[in-house]
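Please look through the sequence and the structure below before reading the numbered points, which are meant for someone meeting this model for the first time.

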Amino acid sequence: MKVPIQVTVNGKTHAHEVEPRVLLVHYLRDVLNLTGTHIGCETSLCGACTVMLDGQAVKSCTVLAAQANGAHITTIEGFAVNGRLHPVQEGFWERHGLQCGYCTPGMIVASAQLLERNPDPTEAEIRMAIEGNLCRCTGYQHIVEAVQYAARRMKGAAAAD
Amino acid sequence: MATKYVGNRVKRTEDPRLIQGLGHYVDDIKLPDTLHVAFVRSIYGHARITGVDASAAAKAPGVVAVYTGKDIGKIGGVPCASDLPEMKKPEFLVLASNKALFVGHAIAAVVATDRYLAKDAADMIQVDYEELPAVTEEVKAAAGAPYVHEQFGTNIAYKLTAGEGDIAAAFRSSDKVIKQRILNQRLAPIAMEPRGVLARYYPGEQELTLWSSTQIPHLMRTQVALMLGMPENRLRVITPEVGGGFGSKLNVYAEEALLGWISMQLGQPVKWIESRRENFQSTIHGRAQLGDLEIGIRKDGTVTGLRYNVFADMGAYYQLLTPAIPTLTGLMLSGSYKIPAIQINVTAVFTNKMSTDAYRGAGRPEATYVVERAMDLVAAELGMDPVEVRRKNFPAPNEFPFKTATGLFYDSGDYVLALEKALKNADYKKLGEEQKKARAAGRLVGIGVSTYVEICALGPSAALPAGGWESATVRIEPTGTVTVLTGASPHGQGQETSFAQIAGDELGVSIEAVTVIHGDTSIVQYGIGTFGSRATAVGGTAVFVALQRLKEKASKLAAHLMGVDPATVKFADGRFTSGAKSMAIQEVALHAHLAKSLPEGMEPGLSATYFFEPKNFTFPFGTHICIAEVDKDTGEITLQRYIAVDDCGRVINPLLVDGQVQGGIVQALGQAFYEHVVYDENGQLLTGTLMDYALPRATNCPWMELDRTETPSPVNPLGVKGVGEAGTIGATPCLVNAVIDALAPLGVRHLDMPLKPETLWRIISGNSARSA
Ligand code: FES
Ligand code: FES
């Protein structure tokens with residue numbers, strides 16, 4: 001038996017009937033065709049699937065689509081606004097924070113959440129914030145630099161406001 | 001000509017799509033009416049399959065077909081490209097029918113209309129097993145029954161002896177021969193994107209297209225065409241975005257052929273995306289060598305000879321390069337040292353496990369680990385500084401090209417230079433003093449050093465099973481944009497950027513005007529692929545030479561169009577100039593396409609193709625130094641500093657080189673401290689999820705202080721050596737040496753990886769119990 005859900009993803013509202021067992025990540029990827037959110041495991045340990053759900057970074061492989069009923073979700077596709085990259089995206093580009101790019105969407109979401117909560121994180125705080133996201137390519141150092149770059153950018157932007 | 005791009009930290013051109021989630025990995029490609037495949041895999045390490053009942057599954061909702069080992073008769077076995085004398089060759093069928101030889105061995109494939117339904121139905125398939133005794137330890141495996149492959153009457157896949165110099169005489173003339181058993185534990189590559197295949201067969205055109213997450217699209221096309229018995233030119237392999245490989249996708253797997261075959265049976269697209277659990281079970285593993293090292297020394301620290309008797313665990317079957325990996329270990333056993341006599345004796349054995357194959361470094365990290373541990377054992381034995389032992393055994397810079405007793409010619413190198421730089425960056429003297437103080441205060445602080453060399457730019461074709469060259473086509477389109485087609489198939493290394501840098505500088509155009517295309521066998525001329533730190537050194541060179549040829553032609557045409565003597569034409573900043581006359585290369589390209597006025601005998605169009613065959617490998621090198629402290633109460637390791645000086649020849653893009661080195665060091669950290677694929681005595685895989693197999697996370701990693709020396713390689717005109725594996729090769733022994741040095745006051749001279757806190761804690765607490 002399917003259940004009706006309504007979710008707002010990247011500002012757009014969608015209504016669908018889904019099987020209760022369908023994972024949010026599959027709903028996003030297979031139903032909404034938002035394939036920027038990746039899947040790297042079945043055990044909630046890699047973070048490739050991280051999205052923003054009602055302001056919280058969550059692993060969308062551990063949420064059922066049905067549980068997300070009524071939620072506001074931002075996926076990586078929603079991070080750039082009117083073609084302008086989010087400062088964290090900019091940081092990843094500037095500081096070579098990605099190689100294969102597979103972990104990147106999840107990393108960017110987790111990092112953005114950190115900077116919302118802590119605009120001036122230390123290196124250790126950045127590492128802690130992305131501890132739930134695995135990257136097999138970069139060795140994390142350029143990711144740390146990317147987040148530091150974004151933090152500076154965001155502070156600069158805030159000062160300018 | 002002024003270079004604008006090469007040598008600079010140019011941001012990657014591939015990033016905008018990837019940071020916005022707009023890239024396409026295999027699972028992101030959607031075709032209408034795609035069916036989904038799920039596999040039933042053996043839950044036993046070794047079992048006879050006495051029955052497969054798929055009747056319930058066949059009737060399950062959404063199920064379109066079920067295939068078992070009985071149905072796939074005509075598909076050829078999984079290919080192995082290496083062949084060694086008297087090697088046993090088991091046939092590895094794409095689905096097991098009589099026996100399952102490892103956990104994860106595919107037994108049946110279910111095809112259904114959606115991935116959930118395919119998995120539901122796979123669970124309904126009843127497999128009857130008769131469990132058989134499993135072969136899991138390499139030494140026991142070599143000794144006798146039970147056998148993985150009964151028909152061979154042995155578990156020994158092959159034996160091989162290599163090396164030069166009289167090892168027995170070398171040991172006789174030594175003051176001492178040090179012996180040590182050393183384990184390079186089994187590892188899982190764990191690319192963050194698991195494998196995946198999408199297959200589409202058009203019955204009318206008789207054309208099969210495979211989208212696969214692979215490092216070697218062309219080799220895969222050849223091999224899968226052979227497996228399926230179809231014309232190679234009707235098979236197209238496309239590698240979309242690939243989410244990491246590290247060797248695990250330098251292979252041709254059962255699923256790739258099987259998916260193609262299923263699509264041909266059903267006339268519909270079929271997709272299979274590997275789960276992480278499947279990835280642990282049935283994607284290749286790496287390392288898995290257990291060896292006895294003997295090293296002959298003189299009192300002054302000179303190494304006289306090195307022998308390594310090693311058991312190499314092949315797993316149950318061969319994948320593409322499985323048997324070849326230990327031969328690379330043999331080649332690298334001289335490390336960065338002058339060792340007059342070297343011998344490796346390999347005993348390769350079958351076990352009831354997944355195949356081992358090329359994992360980042362592929363046989364070379366194993367050797368480097370052994371050699372660099374050996375240097376520290378020598379230092380400990382003689383009470384010498386590990387740096388002095390290394391210095392003592394380096395070849396001098398004027399001895400290059402340097403011939404090793406393993407039969408290699410090291411192209412160029414200045415090992416002392418890299419060592420000195422690292423010592424300076426680390427402030428080695430001060431480190432020693434600090435260590436003394438820390439030890440006096442009862443703390444366990446160690447300094448690790450490794451001075452590695454590696455073989456890169458694989459390689460001369462004579463030394464590789466299936467061609468070691470690489471190809472490139474460059475062309476200038478009628479509207480002036482530049483297209484580069486490379487046979488290398490990068491998957492994160494950033495060659496879309498670095499090759500565009502080369503083209504941008506050579507043609508005097510902006511990199512935005514350059515598009516680098518790879519990974520589509522119908523668009524790109526045959527190529528070998530990306531592995532063995534070869535893409536830039538071999539593939540980049542092909543691009544470079546093709547660009548020179550293109551410019552030669554354009555220059556002749558420009559002379560003709562300007563009506564000047566070709567000898568007077570100069571090219572700079574994108575323009576051909578002769579006296580007061582000048583033409584942009586894009587204009588010349590348009591004329592080449594319009595072909596209204598060409599010199600006598602010139603072909604229309606402006607494109608050039610070059611296949612580059614390297615004359616030798618390249619031999620990057622470097623020195624890594626780190627400082628580790630072991631917590632006395634918990635056995636936990638803290639890395640206080642990590643200093644690396646790497647020499648990978650000429651650098652095209654320092655940003656990308658740093659990324660490669662950092663990623664490599666952290667993979668080494670994984671092997672040194674965390675990772676280990678463990679099978680129990682029944683062949684059951686105990687580390688089958690990311691919960692049980694520990695990968696380095698951001699909080700485990702040190703800040704890496706990187707630096708470089710730059711010794712251009714004489715082997716290619718770019719002077720590039722390659723860097724993809726340097727970190728992994730250089731760092732593993734450096735990390736382990738530091739921890740062992742930290743425990744040296746407790747009498748520790750060697751420990752096997754991974755250096756888990758528990759192991760260290762037991763040693764520390766055992767020791768303090770004794771001394772209390
Ligand atoms: S897919 Fe790995 S945590 Fe969600
Ligand atoms: S960039 Fe490849 S996994 Fe992070």
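How many helices and strands does chain A have?

1. Chain A has five helices and five strands, and it should be kept in mind throughout that this is a predicted model. Followed along the sequence, the elements of chain A come in the pattern β-β-α-β-β-β-α-α-α-α. The radius of gyration of chain A is 16 Å, close to the 15 Å that the globule rule gives for 161 residues, so chain A is as compact as a globular protein of that length.

2. As to overall dimensions, the C-alpha trace of chain A spans about 50 × 35 × 25 Å along its principal axes. Of its 161 residues, 57% count as buried, and among contacts in chain A with a separation of 6 or more, 56% are between residues 24 or more positions apart. The accessible surface of chain A comes to about 6,400 Å², with 52% of that area belonging to carbon and sulfur atoms.

3. Helix H1 of chain A, residues 24–31, deserves a careful look. Six of its eight residues are buried, so the helix is largely enclosed by the rest of the structure. Those buried residues are A:Leu24, A:Val25, A:His26, A:Tyr27, A:Leu28 and A:Arg29. What covers them includes, from chain A, strand E1 (3–9), strand E2 (12–18), strand E3 (50–53) and strand E5 (72–74), and, from chain B, helix H3 (115–124). Just after H1(A), A:Asn33 takes a positive phi of about 60 degrees.

4. Is A:Thr122 buried, partly exposed or exposed? With a relative accessibility of 42%, A:Thr122 counts as partly exposed, because that value falls between the 20% and 50% limits. A:Thr122 is placed in the loop between helix H3 (104–117) and helix H4 (123–129) of chain A. Its C-alpha atom is separated by 26 Å from that of A:Ser44, and these two residues are 78 residues apart along the chain.

5. Turning to the other chain, chain B has 19 helices and 28 strands. A compact globule with 772 residues would have a radius of gyration near 28 Å, and the 28 Å of chain B agrees with this. The C-alpha trace of chain B spans about 95 × 75 × 50 Å along its principal axes.

6. Within chain B, 65% of the 772 residues are buried, and, among contacts between residues at least 6 apart in sequence, 81% join residues at least 24 apart. Chain B exposes about 26,500 Å², of which carbon and sulfur atoms supply 51%. There are 74 positive and 82 negative side chains in chain B, and the centres of the two sets lie 3 Å apart.

7. Where in chain B is B:Thr709 placed? It lies in the loop between strand E28 (704–708) and helix H18 (726–743) of chain B. B:Thr709 counts as buried because its relative accessibility is 6%, which is under the 20% limit. Leaving aside residues up to four places away in sequence, B:Thr709 touches B:Leu417, B:Ala418, B:Lys421, B:Phe621, B:Val645, B:Asp646, B:Asp647 and B:Cys648. With one of these, B:Asp647, the side chain of B:Thr709 makes a polar contact of 2.7 Å.

Methods
Residues numbered from 1 in each chain as written. Chains lettered and ligands numbered in written order. Predicted model: local features only at pLDDT ≥ 70, side-chain atom pairs only at ≥ 80, totals over all residues. Heavy atoms only, no water. Helix = DSSP H or I, 4+ residues; strand = E, 2+ residues; numbered from the N terminus. Rg over C-alpha atoms; globule rule 2.2 N^0.38 Å. Buried < 20%, exposed > 50% of the residue type's maximum accessible area, 1.4 Å probe, protein only. Contact = heavy atoms within 4.5 Å. Areas by Shrake-Rupley, 256 points an atom, 1.4 Å probe, with all protein chains shown as cover. Polar contact = N/O pair within 3.5 Å; in protein donor to acceptor, adjacent residues only side chain to side chain. Lys, Arg positive; Asp, Glu negative; His and termini not counted. Charge placed at Lys NZ, Arg CZ, Asp CG, Glu CD.
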